[in-house]
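Subject: Model for your files

Dear colleague,

Please find the model we spoke about below. My notes on it follow.

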Amino acid sequence: MALLPQILHSPHPGLAASPSPSRAFRRAPRLHASATSRRARGGCRLATAAGAGASGPGPGPSSPEPYPPESDDGLVELPLFPLPLVLFPDATHALHIFEFRYRIMMHTVLQTDLRFGIVFAGNSGSAAEVGCVGEVVKHERLADDRFFLICKGQQRFRVARVVRTKPYLVAAVQWLEDRPPAEPPAPGEDAEALAADVEALMRDVIRIANRLNGKPEKDVGDLRRGLFPTPFSFYVGNTFEGAPREQQALLELEDTAARLRRERDTLRNTLNYLTAASAVKDAFPSSPSSG
């Protein structure tokens, strides 16, 4: 669930048919999206947490099989699902699978290692080349062969080449990991200090957003929950719901400190906006409507 639904005002991108193979895997432009829709690309709807949560644990191996072995060039083949969302490591998403080719994919996934790749696809018809593996942690197969499922983000990857496009996309991918800094960071700019700054800003944003929305003041609690800077940076990125292109830019970064700096800047801008909005609200309180 997004903690900060107000902080970035770009809604989910408009949705169309699945991208054609010739247009797939061009880098998504880092601009905010415009149109809104809840119907997902490629034969999937984003299920509500309640609807997906009602599904029972699906059959399958108690511990997933490992990924297919790496080829001579160090790449791994992975089935891909273009969607108008960005999956981060350790984040969960509820999905409704209804299109035939992706129902086929789910049958294969559920019979093997329970994992597939999610890549962001906006209304331009192209898919981002960096995505995240989703592991099916719960699923329900319906009588008409549709699926409700909940997947959890695992490793990030970069698409190296498309292996095949039918009946669904399969690509050869390489795994991505954040790189350690090449040089010692400046004081206050190391990942640990940045994570502390980001957590403090998140607290302020949530506090003012709650006030603007008429919610009672309450302790936000421990947002970081003992996470190291890298997983915390993914957690923060996942809260930027409604701005998938910004989320995609964060997912693509291979530097934890750079990701946290970008999140800090976004949160600062958001805090300034909300503070101004709160001041306006205090100066011009709404008056009860007259009968």
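Of the contacts in the protein chain with a separation of 6 or more, 72% are between residues 24 or more positions apart; contact means heavy atoms within 4.5 Å. This is a predicted model, in which local features need pLDDT of at least 70 and side-chain atom pairs count only at pLDDT 80 or more, while totals for chains, interfaces and linings use all residues. Residues are numbered from 1 along each chain as its sequence is written, and side-chain values use heavy atoms, with hydrogens and water left out.

Overall make-up

The protein chain has six helices and eight strands, in the order β-β-α-β-β-α-β-β-β-β-α-α-α-α from the N terminus. Both kinds of element are DSSP runs numbered from the N terminus: helices are H or I with at least four residues, strands are E with at least two. Of the 291 residues, 48% count as buried, where buried means under 20% relative accessible area, exposed over 50% and partly exposed in between (1.4 Å probe, protein chains only). The accessible surface of the chain is about 14300 Å², and 54% of that belongs to carbon and sulfur atoms; areas come from the Shrake-Rupley method with a 1.4 Å probe, and for residues only the protein chains shown count as cover.

Aromatic pairs

The whole structure holds four aromatic pairs. Rings of Phe, Tyr and Trp (its six-membered ring) pair if their centres lie within 6.5 Å; planes under 30 degrees apart count as stacked, over 60 as edge-to-face and the rest as tilted. Phe 81 and Phe 116 form a tilted pair, because their planes are at 50°, with the ring centres 6.3 Å apart. This pair links distant parts of the chain, as Phe 81 is in strand E3 (residues 76-83) and Phe 116 in strand E5 (residues 115-121), 35 residues apart.

Phe 232 and Tyr 235 make a stacked pair, 6.1 Å centre to centre with 25° between the planes. Phe 232 and Tyr 235 are three residues apart in helix H4 (residues 229-238), so about one helical turn separates them.

Seven of the 10 residues of H4 are buried, among them Pro 229, Ser 233 and Val 236. Phe 232 is buried too, because its relative accessibility is 0%. The cover of the buried H4 residues includes strands E4 (92-97) and E7 (147-164) and helices H3 (191-212), H5 (244-252) and H6 (256-283).

Two loop residues

Lys 218 lies in the loop between H3 and H4 and is exposed at 64% relative accessibility. Its C-alpha is 8.0 Å from that of Arg 207, 11 residues away in sequence.

Gly 125, in the loop between E5 and strand E6 (127-141), is buried with a relative accessible area of 12%.

Regards
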